[in-house]
Amino acid sequence: MINTVIIILLFISLIAAVILLSLTVLRCRSEKKNYFIFCLIGMLFYVLGNYFEVTSSSAESALQGVKFMYVGACFMPPLVFLFVLDYCEFKLSWKLRTVLRIVLLGIAFAAMMVVWSTERTGLMYAAYSYASGTTVHGLQVDAPGPAYYPILVFLTICIIASVAAIAIRIVGWNKRYRLPLFLLMLAAGAPLLTNFAYVFTTYIFKTSLHGVNLTPFALILTNLLVYMNVLRYDLFDFTPRAYSASLDMIRDGLVLLDADMHFMSSNNVGRELFPGLKDLSKGDPITKLENWPVELSHLRIDADPEKDPYAERRNRDGKEREGEDRQNIRFRFGDAGDSEIRFFNAWIHTVILGQKSLGRSILIQDITDNVILMQKLEEAAFTDGLTGLFNRRRFMELAIEGIEKSKQQLLPYSVLMFDLDFFKKINDTYGHLAGDEMLRCVAKEVRRTVRATDIFGRYGGEEFVIFMSGADAKTALKLAERVRKCVEVMNCRFEGNDLSVTCSVGSATSEGALDLEQIVERADAALYEAKQTGRNKVCVFRDSGVATDEA
């Protein structure tokens, strides 16, 4: 009667194993499912072999069932250990992982061959018979062979190592991930306990649990626990879909967060950018990181993916909708005055499985070199290479903007133009390098004199121009006189010579009626008058159109 019940239970276990295998193949998209699938296949061999054993009618047919059973028994423990290493994200080098895989599976294959050749060699079973008088029919081992216990030790070590690896992660990971790990540890340990019970009662203590081997049923429990773990906690699907070891080879940093802004994983570059990630446990809030950018601190996922600005939008045909893209956020490390300031661009993407948002993947690019290059290009396009002032083109652009703002705010605006007197004499006497140095000195000193809001540029040659928003004629005249005196008292040192120069200044003011071209033309006319009437003076263009000497 019990033998019939065991046969029925084994048949049910076999059906359950087939269902689990089908569900895993069809529903699970993770790359980590490979080891799990091989474990399920091994379980199928084990349960099917045990079924053949208990339905056998002779020692020879029972042995064939045992051989079939050991195809699964030899490979499942090392496959479970490899699965645990992958599932718990132990960072092993590719070389070490390959060697470990070859060694474990090689030993498993050798053990399987020992079992399959035991009829000739007696390595697994030195003596055996058919147990038909017991409650459960099957192979009875009268004397274990010399390889029996070494094989048992190898398989036991694999399971113990799996349980130990899970225990390490239970201690190290955040408590929110400890329950699925605990379930996984129970799943890995269940076959070990039942197999120990069977071996110790049958071969060591010479007793019997009615000849029943509970290991096949423990394996069903194992796989049910693992699959429940997968479906309940999504860890099987989220992490491998968003991250794989190959990402350690890219130049950009990758950080994975779950839906509640808790740390999941990162690649090597990510840990270099944020060294504190090495001290974070899986499940810790990412905001615990001391230097985590404020710009990336508000990425909690909305319950509705359609409202998520970082979710990928796709049409029914699977193509991404036009005009929609993953958003990026720019941030920097360091203040404006720091020499080690770095600029970064973070691309944010929501990882979605079906209609469920699982977490964020953040790809961080170091764009410092690009930013510096763009700054240099802008500097080359907008500034005068000799003096560092705005060039004529950039001055005109900024001055036009300044006029528009002044008109909107009903403010006056003024333009000063000044030219260095007898500048050609410096070039002829000391050379053009001396002239260049004089221009740099003038630009440096006058820049200190003008207001912070003024737009100061080199107009061409030895001619300079200043735009002043909010400056009436009186204010412009005062600044013009300060500029003239600044240049007059300035001393420029060049190759042991003290060089000096004066300047002539023209000023023009508008209450809103003049555009830039018109007011610059008036300032230039006033400058011309200053140079014609003695130099080293300031002239103002009046509304009457007559330039009058104000020096």
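Is Phe-464 buried or exposed, and what is its relative accessibility?

Modeller: Happy to look! This is a predicted model, in which local features need pLDDT of at least 70 and side-chain atom pairs count only at pLDDT 80 or more, while totals for chains, interfaces and linings use all residues. Residues are numbered from 1 along each chain as its sequence is written, and side-chain values use heavy atoms, with hydrogens and water left out.

Phe-464 counts as buried, at 0% relative accessibility (buried is under 20% relative accessible area, exposed over 50%, partly exposed in between, with a 1.4 Å probe and protein chains only). The ring of Phe-464 forms a stacked aromatic pair with Phe-418, 5.1 Å centre to centre and with 15° between the planes (rings of Phe, Tyr and Trp, the last by its six-membered ring, pair if their centres lie within 6.5 Å; planes under 30 degrees apart are stacked, over 60 edge-to-face, the rest tilted). Phe-418 lies in strand β8 (residues 413–420) and Phe-464 in strand β10 (residues 463–469), so their pair ties together parts 46 residues apart in sequence (strands are DSSP runs of E, at least two residues, numbered from the N terminus). Phe-418 is buried too, at 0% relative accessibility.

The whole structure holds nine aromatic pairs. In one between Tyr-148 and Tyr-149, the ring centres are 5.1 Å apart and the planes stand at 85°, so this pair is edge-to-face. Here Tyr-148 is buried at 5% relative accessibility, whereas Tyr-149 is partly exposed at 36%. Ring pairs also link Phe-45, Phe-52 and Phe-68 into a cluster.

Methods. Helices (H or I, at least four residues) and strands (E, at least two) are DSSP runs, numbered from the N terminus.
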